[in-house]
Amino acid sequence: MVLLAVFLILCIGLIIGLPVPFAFGAALIYLGYFADTEVSTFLSGGHWRMNSIVLLAIPLFILAGSIMNRGRIAEPLVDMAALIFGRIKGGLSASAVFASAVFGSISGSAAATLTCIGGVMLPRLEKANYPKGFSAALISNAAPLGLLIPPSSIQIIYGFVTK
């Protein structure tokens, strides 16, 4: 019965236009205050796990990606990748993948990589007569590549959970 009430609070919050974190927060507040003692003990005991300096790295990675996006660091990175791979056949697409990997490893966020490198490389790929579908697929599949190169936000969370 408690889970049904939590689900209803979450759905009603989302239907009335509440942002997702606030809807989840309202559901967790209900769960913490009005649920049985086992659930509220679980919630209060899990607080120390979430109150960690390690988890602060995630918003800081997002902030770093935003700063790099505003600082136009993607353009010189793409130019460097074009210098390395520009002479081979299909070098522009290879330079897009390389720039995505480097930018993703610096920012730690696939979404920041997609917006930054995609914003620079899609017009270049279109100017070089690459098909739009190929260009979009290339950039969207190269963006998560940076998550495999340390340090990334996913690896920090994985290391935190498994310690």
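A residue is called buried when its relative accessible area is under 20%, exposed when that area is over 50%, and partly exposed in between.

**Cysteines**

C11 has a relative accessible area of 26%, so this cysteine is partly exposed. C116, by contrast, is buried, because its relative accessibility is 4%. A disulfide requires two cysteine sulfur atoms within 2.5 Å of each other, and the structure holds zero of them.

**Exposure of selected residues**

| Residue | Relative accessibility | Class |
|---|---|---|
| L4 | 46% | partly exposed |
| C116 | 4% | buried |
| A128 | 39% | partly exposed |
| Y130 | 22% | partly exposed |
| F134 | 39% | partly exposed |

**Aromatic pairs**

A pair of aromatic rings is described by the distance of the centres and the angle of the planes. Ring centres must lie within 6.5 Å to pair, and planes under 30 degrees apart count as stacked. By this rule there are two aromatic pairs. One of them joins Y130 and F134: the ring centres are 5.7 Å apart and the planes meet at 15°, so the pair is stacked. Y130 is partly exposed because its relative accessibility is 22%, and F134, at 39%, is partly exposed as well.

**A nonpolar patch on the surface**

Which residues form the nonpolar patch on the surface? They are L4, L8, I12, I15, I16, L18 and F22, and together they have about 750 Å² of accessible area. Helix α1, which covers residues 2-15, gives the most to this patch, with four residues. L4 lies in helix α1, and its relative accessibility of 46% makes this leucine partly exposed.

**The loop between α8 and α9**

A128 sits in the loop between α8 (110-127) and α9 (132-142). With a relative accessible area of 39%, A128 is partly exposed. In sequence, A128 and L92 are 36 residues apart, while in space their C-alpha atoms are 8.4 Å apart.

**Confidence**

The average pLDDT of the protein chain is 81, and 88% of the residues score at least 70. Confidence is highest in α9, at a mean of 93, and lowest in helix α4 (residues 47-50), at 55. Where pLDDT is low, the predicted coordinates should not be read in detail.

Definitions and conventions. Residues are numbered from 1 along each chain as its sequence is written. This is a predicted model: local features need pLDDT of at least 70, side-chain atom pairs count only at pLDDT 80 or more; totals for chains, interfaces and linings use all residues. Side-chain values use heavy atoms; hydrogens and water are left out. Rings of Phe, Tyr and Trp (its six-membered ring) pair if their centres lie within 6.5 Å; planes under 30 degrees apart count as stacked, over 60 as edge-to-face and the rest as tilted. Buried means under 20% relative accessible area, exposed over 50%, partly exposed in between (1.4 Å probe, protein chains only). Patches are made of residues with over 30% relative accessible area and no salt bridge: like charges are joined within 9 Å, nonpolar side chains (Val, Leu, Ile, Met, Phe, Trp, Tyr) within 5 Å. Accessible areas come from the Shrake-Rupley method with a 1.4 Å probe; for residues, only the protein chains shown count as cover. A salt bridge is a side-chain nitrogen of Lys or Arg within 4 Å of a carboxyl oxygen of Asp or Glu. Helices (H or I, at least four residues) and strands (E, at least two) are DSSP runs, numbered from the N terminus. pLDDT is the predictor's confidence in each residue, from 0 to 100.
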